[in-house]
Each structure stands twice: as structure tokens, then as C-alpha cells.
Amino acid sequence: MTVAGTLTNNGTLSLSSAGSVTSLALASDLLLTGSGQTVLGTHVYNRIDSNNGTLRTLTIDTGHILTGGGALGTSYSGNALKIVNQGTLDVSSDMSVSVNDTGGAGFNNSAGLIDVANGAALTLA
């Protein structure tokens with residue numbers, strides 16, 4: 001699914017691939033907002049990244065939860081993301097999240113919360 005601008009989610013948005021790419025592709029910078037949660041499944045092919053190799057900014061707004069595993073940005077296709085977390089990044093116990101900020105895209109968590117459960121991993125590359 002290709003998205004741009006503001007995505008207001010007051011429920012649950014799930015990306016749950018079991019082996020094929022399932023992505024939320026940013027056509028421009030994206031504000032992920034609302035009282036809901038965005039869930040990335042356990043497979044690395046569940047991802048949020050830019051499209052066309054263009055650097056984009058993903059902002060997780062106050063009150064929104066990004067949870068699960070998967071990937072934020074992908075290095076092999078040059079789809080790095082700048083991440084601004086003002087909400088909650090919740091890495092679940094049986095999953096891992098990989099954030100690719102190739103080229104110094106950046107990861108800003110000055111106003112957000114990161115929760116990495118016991119046994120999970122958060123990799124910043």
C-alpha cells in the first residue's frame with residue numbers, strides 16, 4: 001500500500017506477511033497518527049519504507065503505537081527512512097525491528113518511548 005501525508009489510525013493496521021513483501025510504502029513524508037496501533041508481523045518482509053529509493057520521514061505521533069517486528073526502511077533497495085518517534089515504538093518479545101538510516105537519515109526519539117521486550121532486538125543500522 002502506498003501512502004503519503006497523514007494516516008490517521010484509530011484502530012489496528014496490520015502488516016502480516018509470512019514470506020512475501022508486505023509494505024507500507026511512503027510516497028512522501030508520513031505522519032502516523034491517531035489512538036490506534038500499527039502492527040508489523042514477525043517476518044522482516046513486513047516493512048514500512050520509502051518507495052523509489054527516495055529518503056522519506058516517518059513520524060510516529062503522540063498517542064500512536066508502532067508494535068511488532070519487521071523493518072523500518074530497507075538497505076538493499078536504498079529505501080532508508082528518517083524516523084521521528086513521538087509516540088511508542090513497542091518491539092515485541094518474539095520479534096525484532098531493524099531501522100535503516102543509511103546515509104545518516106536519522107532516528108529521533110527525543111519525545112517518544114521505545115519498549116524492547118525481553119528476548120527481542122532493536123537494530124539501528
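In strand S7, Thr-67 is the bridge partner of Val-39. The two strands concerned, S4 (residues 37-40) and S7 (residues 65-68), pair in the parallel sense over 4 bridges; pairing requires that DSSP find at least two bridges between two strands. Thr-67 also has a bridge partner in S10, namely Asp-90. Strand S10 covers residues 88-91 and runs parallel to S7, with 4 bridges joining them.

This is a predicted model, in which local features need pLDDT of at least 70 and side-chain atom pairs count only at pLDDT 80 or more, while totals for chains, interfaces and linings use all residues. Residues are numbered from 1 along each chain as its sequence is written, and side-chain values use heavy atoms, with hydrogens and water left out.

The chain as a whole contains 14 strands and 0 helices; strands are DSSP runs of E with at least two residues, helices runs of H or I with at least four, both numbered from the N terminus. Of its 125 residues, 44% count as buried, that is, under 20% relative accessible area with a 1.4 Å probe, protein chains only.

His-64 lies in the loop between strand S6 (56-60) and S7. This residue is buried, with a relative accessible area of 0%. Beyond its neighbours within four places in sequence, His-64 is in contact with residues including Asn-9, Leu-32, Gln-37 and Thr-88. Its side chain makes a polar contact with the side chain of Thr-38 at 2.9 Å; such a contact is a pair of N or O atoms within 3.5 Å, where within protein one must be able to donate a hydrogen and the other to accept it, and residues adjacent in sequence count only if both atoms are side-chain atoms.

Conventions
Buried < 20%, exposed > 50% of the residue type's maximum accessible area, 1.4 Å probe, protein only. Contact = heavy atoms within 4.5 Å.
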